[in-house]
Amino acid sequence: MGLVKIGDELHEEARRASTVMCRSINAQAEFWMKIGMLAEANPTLSFNDIVTMQLKSAEVTAADQAVA
């Protein structure tokens, strides 16, 4: 584990988003980093495609019912 320095504005955005998404600020930032990393590795996929792919890889059954 390490430290990541981010600007005050981005930290505030993460704080607000974490409240809406019921995550800690750290979990929200980690989610954004993971999605960003996956988006860079898969530039043709949409956000929804990436989330669906991750849900399926975690064997979340609701992902199987997603609209194609």
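Serine 18 is buried, with a relative accessible area of 5% (buried means under 20% relative accessible area, exposed over 50% and partly exposed in between, with a 1.4 Å probe and protein chains only). The model is predicted, so local features need pLDDT of at least 70 and side-chain atom pairs count only at pLDDT 80 or more, whereas totals for chains, interfaces and linings use all residues. Residues are numbered from 1 along each chain as its sequence is written, and side-chain values use heavy atoms, with hydrogens and water left out.

Serine 18 is placed in helix α1 (helices are DSSP runs of H or I with at least four residues, numbered from the N terminus). Apart from neighbours within four places in sequence, serine 18 is in contact with Arg23, Ser24, Ile25 and Gln28 (contact means heavy atoms within 4.5 Å). The C-alpha atoms of serine 24 and alanine 14 are 9.0 Å apart in space, and the two residues are 10 apart in sequence.

Helix α1 (residues 8-21) packs against helix α2 (residues 25-41) at an angle of about 100°, and their axes are 8 Å apart (axes are lines fitted to C-alpha atoms over the stretch in contact, and angles run from 0 to 180 degrees between N-to-C directions). Helix α1 is therefore roughly perpendicular to α2, a term that covers angles of 65 to 115 degrees. The residues of this contact comprise 6 nonpolar, 3 polar and 2 charged (Ala, Val, Leu, Ile, Met, Phe, Trp, Tyr, Cys and Pro count as nonpolar, Asp, Glu, Lys and Arg as charged, and the others, Gly among them, as polar). Residues of α1 in the contact include Leu10, Ser18 and Met21, which α2 meets with Ile25, Gln28 and Trp32.

Helix α2 also packs against helix α3 (residues 47-57), at an angle of about 105° and with the axes 10 Å apart. This makes α2 roughly perpendicular to α3. Here Phe31, Lys34, Ile35, Leu38 and Ala39 of α2 meet Phe47, Ile50, Val51 and Gln54 of α3. By class, 7 nonpolar, 1 polar and 1 charged residues form the contact of α2 with α3.

The lining of the largest pocket has 10 nonpolar, 3 polar and 1 charged residues. Its largest share, 6 residues, comes from α2, while α1 and α2 each supply at least two residues of the lining.

Terms used
Angles under 35 degrees count as roughly parallel, over 145 as roughly antiparallel, 65 to 115 as roughly perpendicular and the rest as oblique.
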